[in-house]
Structures are given as C-alpha cells and as structure tokens.
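Work through these exercises with the model on screen. Try each task before you read its solution.

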Amino acid sequence: MKYNNHREFLADIEQHKHDIYIYCHTLQEVVPMHTHSQGHVLVVVGGVATMNVEHNEYYIPHGYFVWIPPRVSHRITFEGKAIHLLNIYYPPQFSEADFYREVGVYPMPSILYHVVELIEGQTEYLQPDHWKYELLATTNHILPHIISPLALQLRLPTTDHPVVSQIISAIQRNYREAVTVEQISREIGLSVRTLSRHMNHELHITFVQYLRIYRILMAIKQMVDNRESITNIAYNVGYDSLTAFSNSFFKVTGCRPSQFLQWHNDARCPK
C-alpha cells in the first residue's frame, strides 16, 4: 500500500481505527508532527531513529521499540542511511493498561522479535477473525508483564528558546572533550549562573545532567553499530575511564553497558 503524502496515510488509518494495522516502510525523510487515535508500536530496524514528543527527544536504537499512546503528537527523524520501520497500530481499547498510557522506549523481547519476523515486510489491516490479529492482540496483552522493568530513559528535553538552543549546540559540539560549564559559558558569552538558570528554567535539567545524557545517547549510537569496544566508545564520548562511563550509563539508562549490549544482541538473535 502506497500513500502520496502523510495526510493521506493518516486519513486512511483513521477510517480503519477499529482494526489492527501493520505498516512497513523505509524512513527516507522526516515524518512530520502528527497524531492518531490508535496506540502505536514502532520498531526500528537498522540505525537509530529520533522521535520528538512535546518537549522531549527520544532515541530508538535498532533492536528497540517505542510505544506511543493514542492522541500523542510526535515526529520521527533519522540520521545517516535510511532506516526500516515496522509500525503496529492498535485500536484505542488496547491502550487501557497503565503500561500503555506513557511513551516508552524498550529493548525488544524475544516474543516481539518473533512477531516481527512473521509480519515484517507486510502492510495490511487485520480484523478480529484473522489469526494475525489474535497474535498481535495477545502480544499487546503480554508485553506489559515482561518488559516494563527494562524501560530506558533514552530521551533529552528540547526547547525553542534561542539562548538555550545555543547552549545545547555548544554542548553537542564539545561533548567529546573534557568540557565544563565554565567553558561553555565563555563560548556563549554568559555567566555560569545565567547559563544554569536558563537551563533549569527551560529544560528542568542541569548542565551536567544534559551533558551526561547526551554523551550516553551518542555512545548508544556507536554501540548499536557494534564496531568499537565499550572502552573505546567510552573515550570517544568524553570519558577518561571505563568505570566513569559505566556509572554514567547506569544513571541514564538503569543498566550497565554490558547489559545494554546483551539486550540488544538478544533482540537481534533471540534464543
């Protein structure tokens, strides 16, 4: 099934909002900010996709999926080569459990991996008498019981504030170095106190917290590529020891780098 534009796609799925819809496509351009009445499972295959929801930017690596509740406005972008996306749109009644009321990024458990294997490359509307409908409905009921402890906070706060945008840009340019708030303050032309006040007011986060999260997200991108050792990645993103990197990784994600890689590899090659 092909659509001429995203508006046509949204109109089509709204007409079938009582069905489960699976839609596979390659992300070659930004998906604009939009909303729909269905809950949405988005699985990323290859690379790292970025999703903007309100004032948060979520990172979805290969081997992970994101749950988007009904009527939540979101936009999807990507970096580098095109990324393959698998979308499962659930009717509103499948979003009633507490687990499904918030946006969340999760490592794919084996059950979802095998479901993806069965439906990948297909695009179709499924009605209750179809076996794939029953499969996806059962998967929806099971997921909250097996993945909620593994939620990762792969997100950064965002803002349109011009001064804070400058601060963010400076952090992102310098994160590989031993960057300090004093250094960024001088580069932007602000006092440390003013810089900190702007970040706390607009992002509700400190300079150190933003830098830590951004470094870990950049590390995750490299870990997904699986081309560097964890030690090399730690140095690549600005840490001077593996211990410091591992501790920061745990603070941001709730897991150690080795656990992240294990979950990632399990999603790719489930037992």
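**Exercise 1.** How many helices and strands does the secondary structure of the chain come to?

*Solution.* The chain has ten helices and eleven strands. Helices (H or I, at least four residues) and strands (E, at least two) are DSSP runs, numbered from the N terminus. This is a predicted model: local features need pLDDT of at least 70, side-chain atom pairs count only at pLDDT 80 or more, and totals for chains, interfaces and linings use all residues. Residues are numbered from 1 along each chain as its sequence is written, and side-chain values use heavy atoms, with hydrogens and water left out.

**Exercise 2.** Check the radius of gyration of the chain against that of a compact globule.

*Solution.* Start with the rule: 2.2 Å times the number of residues to the power 0.38, with the radius taken over C-alpha atoms. For 271 residues, a compact globule would be near 18 Å. The chain has 20 Å, which agrees. Finally, 49% of the 271 residues count as buried (under 20% relative accessible area; exposed is over 50%, partly exposed in between; 1.4 Å probe, protein chains only).

**Exercise 3.** Find the buried residues of helix α2 and say why they lie on the same side.

*Solution.* Helix α2 covers residues 110–119. Its buried residues are Leu112, Tyr113, Val115, Val116 and Ile119. They cover an arc of only 160 degrees around the axis, so they sit on the same side of α2. The arc is that of the directions from the helix axis to the C-beta atoms. An α-helix has 3.6 residues a turn, so residues three or four places apart point the same way. Just after α2, Gly121 takes a positive phi of about 90 degrees.

**Exercise 4.** Describe how α4 packs with α6.

*Solution.* Take the geometry. Helix α4 (residues 162–174) and helix α6 (residues 192–203) pack at about 105 degrees, with axes 10 Å apart. Axes are lines fitted to C-alpha atoms, for helices over the stretch in contact, and angles run from 0 to 180 degrees between N-to-C directions. That makes α4 roughly perpendicular to α6 (65 to 115 degrees; under 35 is roughly parallel, over 145 roughly antiparallel, the rest oblique). Next, the contact (heavy atoms within 4.5 Å). From α4 come Val163, Val164, Ile167, Ile168 and Ile171. From α6 come Leu195, His198, Met199, Glu202 and Leu203.
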